[in-house]
Structures are given as C-alpha cells and as structure tokens.
Amino acid sequence: MKQWIESLLALQKVDMRIINLHLRLKMIPSEITKLKEKKENTEASLSDAKSSMQKTGLDIKQTESAIAEINTKIEQLQQQSSLIKKNTEYQAMLSQIDTQKGKISELETTMLLLFDQDEENKEKFKEITKEFEAEKSAIAEEIDELTELSGEVKTEIQQLIDSRPPLEARVDSTVLTQYKRLLKAKKAPLAKVNSAGICSSCHLKITPQTMTETKKEAVVYCDNCSCLLYLEK
Ligand SMILES: [Zn+2]
C-alpha cells in the first residue's frame, strides 16, 4: 500500500474518532437535563402527596371539632328539655336533638372516609419518599458520571487533535485539501473499492478507467461520491 493511502487511513481513523466523540459530547447536556427533570418530577409528586396528607389531616380536625360542637349543643338541648313542662314543647326539643344526632351520624361517616383517605395518603407519601431517596442518590451518581465522561471525552479529543499534524505532514497538500473537504460532510473521506469495482461509500460501481487508476494506487476519486479510493486487499 502506498504511503499516501496509509497516512490518510491513519488520519481518517483519528478524525472519525474525533467526530464520534463530538457526537457523544453533544448528547451529554440533554442527558443531564433529563435526569434533573426526572428528579424534579418526583419532587413535585412528593410535594403533592404531602399537600394531600396535610389537607386530609386538616379535614379530620375540622370534622372532629364540628362533632364536638354538635355534642355540646345536644347536651345543652338535653339540659333545657329537663326544664320543659309542656309536652308539645318537649317533643319539639326531642325532635331538635334527633336532628343534631342525625348530623353527627353523617359526620361520623365522613370521618371514616377521611381516616381511609388519611391512611392511603400516608402510604403513598411513604412510597414516594422511598422512591425519591433512592432516585436522588442514583441521579446524582449518574450526573457525576456524565460530567466525568464529558471531561474524559474532551481530553481525548484534544489528544487526537494534537496527534494530527505529523499525520497530515505525510500527505500531499492537494490530496489533504480534498480529504478535509470530504471530512466536512462528517463521513469517512476514504472509500474501499472491491474487486468488482464497487465503492464502499456509495455502493455504486466505478468506471473501468477509475478502477485502473485505483489498482495503480494513484490518487483517484469515486465517480459518484467523490471519495478518495483505495483498493480492498
Ligand atoms: Zn463512491
């Protein structure tokens, strides 16, 4: 294999790695954002669960005091009723007491529902808290890893860039210019040609004349995709 092909293949290996590393690097910020969003979502669920728990707790307290208030009222009515002499007034008073007792019965039913709700809320809060605690450390760890990876990738890219000049120096400047132009398309500038004359980049057949040049290892470009060609061995 002629030196220009070997040198360009070495350069291409470095450049393809640089391109892939840049792609990897580009993905890292959105990966970190997604992780942060995930944590924020769980935080919001946790906050919602806490609010529900507090609301039900408050409802329970209010219902309890409403029951206590009505009980006081019933006691007062009962005390008053013992002083009443007229039967009709007495019956009216009993009816009032019954109405109040009915209210208490309703509130007690509400109370049972609230207790169920309270239990459910506490269970949910416990569950989300557990989830949040586990997620918090896992996400922090993942973000640390991504940050570390970002640094490593940047270092490797710089090392690869630094390794380019000696490789470039071994290639003819006209060929190098063409190589760089092709590299801008983010694809490999060099393409293999198989014995049937098919270019590995565009998968089309090159002309017999180009094939002859390729066999001579002359600097030649694909008739279709303009890649620099070399023969597959
Ligand atoms: Zn081609």
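**Exercise 1. The helix pair**

Is the crossing in which helix 1 passes helix 2 left-handed or right-handed?

*Solution.* 
Step 1. Keep in mind that this is a predicted model.
Step 2. Look at the handedness. Helix 1 and helix 2 pass each other in a left-handed crossing.
Step 3. Recall how such a pair is described. Two packed helices are characterised by the angle and the distance between their axes.
Step 4. Find both values. Helix 1 covers residues 3–83 and helix 2 covers residues 87–169. Their axes come within 5 Å and cross at roughly 165°.
Step 5. Sort the contact residues by class. The contact of helix 1 with helix 2 has 38 nonpolar, 25 charged and 19 polar residues.

**Exercise 2. The zinc site**

Find which residues coordinate the zinc ion, and name the geometry of its site.

*Solution.* 
Step 1. List the donors. They are the SG atoms of Cys199, Cys202, Cys222 and Cys225, at 2.2 to 2.4 Å.
Step 2. Read their spacing along the chain. The donors follow C-x2-C-x19-C-x2-C.
Step 3. Check the angles. Those among the four donor atoms are 103 to 115°.
Step 4. Four tetrahedral donors ideally make angles of 109.5 degrees at a metal.
Step 5. Name the geometry. The site of the zinc ion is tetrahedral.
Step 6. Turn to accessibility. Buried means under 20% relative accessible area. Cysteine 222 has 4%, so it counts as buried. Cysteine 225 has 17%, so cysteine 225 is buried too.

**Exercise 3. Positive phi**

*Solution.* 
Step 1. Start with histidine 203. Its phi is positive, about 65°, although it is not a glycine.
Step 2. Classify histidine 203. Its relative accessible area is 58%, so it is exposed.
Step 3. Move to serine 226. Its phi is also positive, near 70°, and serine 226 is a residue other than glycine.
Step 4. Classify serine 226. Its relative accessible area is 28%, so it is partly exposed.

Notes:
Residues numbered from 1 in each chain as written. Predicted model: local features only at pLDDT ≥ 70, side-chain atom pairs only at ≥ 80, totals over all residues. Heavy atoms only, no water. Axes fitted to C-alpha atoms, helices over the stretch in contact; angles between N-to-C directions. Helix = DSSP H or I, 4+ residues; strand = E, 2+ residues; numbered from the N terminus. Left-handed = near helix turned anticlockwise from the far one by under 90°. Nonpolar A, V, L, I, M, F, W, Y, C, P; charged D, E, K, R; others polar. Donors = N, O, S within 2.8 Å, 3.2 Å for Na, K, Ca; no water. Tetrahedral: all angles 85-135°; square planar, octahedral: opposite > 155°, others 65-115°. Buried < 20%, exposed > 50% of the residue type's maximum accessible area, 1.4 Å probe, protein only.
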